[in-house]
Amino acid sequence: MRTPEPVSGDPGTDAQRAAPADTGAAARWTAGLPKAEVHLHLEGCVPPSWVGGGSGTGAAPAFTTLGEFLGHLDRSCAQVTRGEQLQHIAQAITARARESGAEHVDVIFNPSHWPAWKRDLGGFVRALDAGLAAGEEEHGVTSALCLSLLRTQPPEDSVGLVDWLLEKRPPRVVALSVDGNEAAAGPTGERFRPLFARARAAGLRTCAHAGESSGPDGVRDAVELLAAERIDHGIRAVEDAALVADLAARGTPLDVCPTSNVRLGVVPSMAAHPVERLRAAGVRVSVNTDDPQLFGTTVAGEYGACAAAFGWDRRILGEIARTSIESCFAPPDRRRELLGALDRYLADPGGTALEDGPPAQEGSR
Ligand code: ADE
Ligand code: ZN
């Protein structure tokens, strides 16, 4: 394994290198828009250059399916054996958040991907906490951790993780989550239901991956059986009009990751992505990176990609940012502070970022 490089030395991915540098006013306005990131996996933040084998170029391999992708996460996370590596990854998350105007980040971590830490989950969380605290100090970005269960893991492993979490209650870990391959696991709502109920009763927040490799039934299970406060992805809800209406009526936010969905073949293209249909139907949506080091995504880049694909103007981008802040797991005072910053930003019709003229997407709808 190579020595960890500083953040600025991370090589990025094919997608990052291929992306045209948008230094225009619209991109600056979008990057300055106060927002939160609520769907980001620690596993997708390991710099590709740390992972041995492969092409040796430091580029992330190309994936076409979620199964292949999750296998890659197992291999790359297995390379991370030292606390300082975890600290570096955590601090780099806050640095990237700052560049995208994300003032708060909820970071999902799934212990099943990190074999070196199986017997020292406390040390794992302490290292992340140190990196995130240093990142807050340096960049002013607040953060919380969501411990995620794996859909396909042996049931006793999930129970053990929830037992650990409820016994230790590390202050940085504020939520329980579930991710992984829903298609491979089949319906598991009943299996995870009691674990989510225990977490909720203990005061933890909840979110769940659903409607990515499962269809609308997976989303319904996440809402009705797990009572998840937020649905990670959730986009295949669009296949069921009654479910879409129900999500809109309940106000359940979907943490959408458009580029991830295209890269993993969940949707054929950005233009065909259902996020706009869901939003237009009244469903609360935010846009997020999922696994930034592997998909070459940034939060501001995802806002910009949606603006380009769907003609989202500043009002709509502001709504997306508002949902991201309202649905993040920061304490109420911090959410209020960020909503205030968002209101001030949106109330400033000129904005210092607009010296070069109005953003390209404005007025396109
Ligand atoms: N873990 C990391 N990224 C994921 C995704 N997109 N879906 C399910 N589990 C994941
Ligand atoms: Zn995800």
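User: At what angle do helix H6 and helix H8 pack, and how far apart are their axes?

Analyst: The model is a predicted one. In it, helix H6 (residues 155-168) and helix H8 (residues 189-201) pack at an angle of about 0 degrees, and their axes are 11 Å apart.

User: Why are H6 and H8 called roughly parallel?

Analyst: Angles under 35 degrees count as roughly parallel. The angle here is about 0 degrees, and H6 and H8 are therefore roughly parallel to each other. On the H6 side the contact is made by Pro 155, Ser 158, Val 159, Val 162 and Leu 166. On the H8 side it is made by Arg 191, Phe 192, Leu 195, Arg 198 and Ala 199.

User: What classes of residue make up the contact of H6 with H8?

Analyst: The residues of this contact divide into seven nonpolar, one polar and two charged.

User: How do you know that Phe 192 is buried?

Analyst: A residue is buried if 20 or more other C-beta atoms lie within 10 Å of its own. Phe 192, which is in helix H8, has 24 other C-beta atoms within 10 Å and is therefore buried. Leaving aside neighbours within four places in sequence, Phe 192 is in contact with Leu 149, Ser 158, Val 178 and Leu 226. The C-alpha atoms of Phe 192 and Leu 225 are 8.3 Å apart in space, while the two residues are 33 residues apart in sequence.

User: What makes H14 largely enclosed by the rest of the structure?

Analyst: Of the 12 residues of H14, 10 are buried, so the helix is largely enclosed by the rest of the structure. The buried residues are Val 299, Ala 300, Gly 301, Glu 302, Tyr 303, Gly 304, Ala 305, Cys 306, Ala 307 and Phe 310.

User: Is Trp 312 buried or exposed, and why?

Analyst: Trp 312 lies in the loop between H14 and H15. The cut-off for a buried residue is 20 or more C-beta atoms; with 26 C-beta neighbours inside 10 Å, Trp 312 therefore counts as buried. The C-alpha atoms of Trp 312 and Glu 276 are separated by 8.9 Å, although these residues are 36 residues apart along the chain.

User: What does H15 reach from its first C-alpha to its last, and which elements do its buried residues pack against?

Analyst: Helix H15 (residues 314-327) has 14 residues and reaches 20 Å, close to the 20 Å expected at 1.5 Å a residue. Its buried residues include Arg 314, Leu 317, Ile 320 and Ile 325. The buried residues of H15 pack against helices H2, H14 and H16, and against strands S1, S6 and S8.

User: Why does Ala 227 count as partly exposed?

Analyst: A residue is buried at 20 or more C-beta neighbours, exposed at 12 or fewer, and partly exposed in between. Ala 227 has 13 such neighbours inside 10 Å and therefore counts as partly exposed. Ala 227 is placed in the loop between helix H9 (216-224) and S6.

User: What makes the phi values of Ala 227 and Asp 290 worth noting?

Analyst: Most residues other than glycine have a negative phi. Phi of Ala 227 is near 50 degrees, a positive value in a residue other than glycine. Asp 290 has a positive phi of about 70 degrees, and it is not a glycine either.

User: Where does Asp 290 lie, and why is it called buried?

Analyst: Asp 290 lies in the loop between S8 and H13. With 29 other C-beta atoms within 10 Å, against a cut-off of 20, Asp 290 is therefore buried. Asp 290 is also one of the residues around ligand 1, which include His 41, Glu 43, Asp 179, His 209 and Asp 291. By class, the shell around ligand 1 has one nonpolar, five polar and five charged residues.

Notes
Residues are numbered from 1 along each chain as its sequence is written. Chains are lettered from A and ligands numbered from 1 in the order in which they are written. This is a predicted model: local features need pLDDT of at least 70, side-chain atom pairs count only at pLDDT 80 or more; totals for chains, interfaces and linings use all residues. Helices (H or I, at least four residues) and strands (E, at least two) are DSSP runs, numbered from the N terminus. The expected span of a helix is 1.5 Å times one less than its number of residues. Two residues are in contact if their C-beta atoms, placed from the backbone, lie within 7 Å. A residue is near a molecule or strand if its C-beta atom, placed from the backbone, lies within 6 Å of it. Ala, Val, Leu, Ile, Met, Phe, Trp, Tyr, Cys and Pro count as nonpolar, Asp, Glu, Lys and Arg as charged, and the others, Gly among them, as polar. Axes are lines fitted to C-alpha atoms, for helices over the stretch in contact, and angles run from 0 to 180 degrees between N-to-C directions. Angles under 35 degrees count as roughly parallel, over 145 as roughly antiparallel, 65 to 115 as roughly perpendicular and the rest as oblique.
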